[in-house]
Amino acid sequence: VDPSVLEDMEKLEETFKGIKDRFRLINRIGEGTFSTVYKAEDLLYEHYDNDWDIEEKENKWTSPPLKKQRRIGMDALADMDEYAQQRRRPKYVAIKKIYVTSSPSRILNELDLLNDLRGFDSVCPLITAFRHTDQVVAVLPYFRHTDFREYFRKMTVDDMQIYFRSLFTALAAVHSKGIIHRDIKPTNFLYEPDKRRGVLVDFGLAEREDGPDMKPCLCGEGVTERRRRVTNSVAAQTGPIGGYPKNDSRPSRRANRAGTRGFRAPEVLFKCTDQSSKIDIWSAGVILLTILSRRFPFFNSADDVEAMIEIATIFGVKRMKQCALLHGTVFETNIPTIGDRGFLLEKIILWSTCRNDGGKGGSEIPLDAKEKLAVRFLERCFELDPNKRISAEEALEHEFLKKKEE
Ligand code: ADP
Ligand code: MG
């Protein structure tokens with residue numbers, strides 16, 4: 001173990017007095033913008049396991065006697081020890097230390113949503129959480145997983161079907177609770193190719209679909225009403241001629257933009273104010289495009305405008321304009337490489353995997369039937385209009401993900 005990591009782990013043990021009696025910290029397994037995650041061994045594992053066996057034999061779904069749960073001498077923010085009612089205690093846990101830079105309401109939101117999602121196998125459950133003054137740790141079962149970069153290039157279409165069946169099962173569960181994850185990307189879906197299943201983690205940016213930030217957006221309106229509003233808008237009248245207006249006194253559009261570069265749906269980029277769970281479907285589509293094209297990261301923009309340029313290059317100006325209109329805004333560009341009609345996803349995949357010589361009449365290895373099916377599914381995830389985009393539940397019924405009858 002790296003000496004600096006050892007130092008961090010000691011600090012954590014100092015902050016959370018008593019944590020040593022319950023968990024043995026092993027190593028650091030993740031470090032992000034909002035948290036550090038450690039692998040640890042649950043020292044009370046034997047207790048729980050024995051208790052569980054007795055309960056299981058009697059088929060009683062009750063938790064182990066409270067006295068054995070030796071509460072750690074600190075405030076429990078949310079004590080989820082009834083978790084033991086549902087399944088075995090894991091021997092190894094992931095301890096997620098949430099940075100103090102996260103606002104208290106953000107931390108509470110993450111724990112609250114995780115608590116709501118208990119019972120779904122595809123979502124990493126919360127065991128318990130502790131707070132000491134402004135510091136919070138969440139305890140989760142440890143899930144063995146492989147780094148995405150190690151397997152995505154080798155995946156066959158069959159492997160992709162297994163991966164995405166698992167991911168969309170998790171999304172269907174989350175969305176059925178009216179929750180948007182907002183940060184779907186490979187590092188937040190812990191997948192183990194051998195086990196052929198994964199779990200969704202990191203609800204740090206997640207929110208409820210009918211959350212307080214939601215204001216009506218034009219995308220819920222009829223086409224004529226929307227068109228009327230947009231053509232009458234200041235933006236449409238002043239137009240982009242001569243570039244951006246210099247002294248623009250209009251209030252800027254505000255919408256939740258939380259998420260990761262390259263995985264943001266067009267409606268997030270266009271600052272739609274009532275974003276739905278469909279933003280997660282788009283992000284899942286970006287993962288599929290990454291795997292099919294064998295390029296990671298596929299989109300590599302520095303900001304939202306660049307991200308729009310990347311998307312527009314694929315989908316073309318015409319569809320981007322329609323998409324902008326949907327959210328009550330306009331899309332204009334004079335970048336010569338962005339064509340009117342864009343490119344077929346199939347072509348992009350052929351180019352990025354070097355199976356196409358750029359139309360020089362040489363050998364081209366076309367997509368096979370299974371790959372074409374994957375592309376058809378990808379097109380459903382990349383529907384620019386969120387209302388037309390496939391839902392997680394529908395996705396599980398799509399030919400690409402549907403389990404074959406034996
Ligand atoms: P952040 O908000 O910092 O991104 P995450 O919850 O995504 O926090 O965790 C960061 C990393 O820690 C993950 O990408 C993963 O590698 C590891 N990790 C998180 N939870 C678990 C878990 N339950 N089991 C194993 N590893 C985990
Ligand atoms: Mg994460």
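Which residues of helix 13 (residues 345-352) are buried? In this predicted model, local features need pLDDT of at least 70 and side-chain atom pairs count only at pLDDT 80 or more, whereas totals for chains, interfaces and linings use all residues. Residues are numbered from 1 along each chain as its sequence is written, while chains are lettered from A and ligands numbered from 1 in the order in which they are written. The buried residues of helix 13 are Leu-345, Ile-348, Ile-349 and Leu-350; a residue is buried if 20 or more other C-beta atoms, placed from the backbone, lie within 10 Å of its own. They pack against helix 11 (278-293), helix 12 (304-326) and helix 14 (369-381), with contact taken as C-beta atoms, placed from the backbone, within 7 Å. Just after helix 13, Cys-354 takes a positive phi of about 55°.

Helix 11 is itself mostly covered, with 15 of its 16 residues buried. From first C-alpha to last it reaches 23 Å, close to the 22 Å expected at 1.5 Å a residue (the expected span is 1.5 Å times one less than the number of residues). Arg-294, just after this helix, has a positive phi of about 55°.

Turning to the chain as a whole, there are 15 helices and 10 strands, defined as DSSP runs (H or I, at least four residues, for helices; E, at least two, for strands) and numbered from the N terminus. Of the 406 residues, 33% count as buried. Among contacts between residues at least 6 apart in sequence, 69% join residues at least 24 apart.

The largest nonpolar core has 92 residues; such a core is a set of buried Ala, Val, Leu, Ile, Met, Phe, Trp, Tyr and Cys residues joined through C-beta atoms within 7 Å. Those with the most contacts inside it are Val-93, Ile-95, Ala-138, Ala-284, Leu-288 and Cys-381. Leaving aside residues up to four places away in sequence, Ala-138 touches Lys-96, Ile-98, Leu-111, Leu-126 and Ala-129.

Strand 5 (residues 128-132) and strand 6 (residues 135-141) run antiparallel, joined by 5 bridges (pairing requires at least two DSSP bridges). Arg-131 stands opposite Val-136 in strand 6. The two strands form a hairpin with 2 residues between them, and Thr-133 in the turn has a positive phi of about 45°.

Finally, 18 residues surround ligand 1, the closest being Gly-30, Gly-32, Val-37, Ala-94 and Asp-202; a residue is near a molecule if its C-beta atom, placed from the backbone, lies within 6 Å of it. Strand 1 (23-31), strand 2 (35-42) and strand 4 (92-98) each supply at least two residues of this shell.

How values were computed: A residue is buried if 20 or more other C-beta atoms lie within 10 Å of its own, exposed if 12 or fewer, and partly exposed in between; C-beta atoms are placed from the backbone. Two residues are in contact if their C-beta atoms, placed from the backbone, lie within 7 Å.
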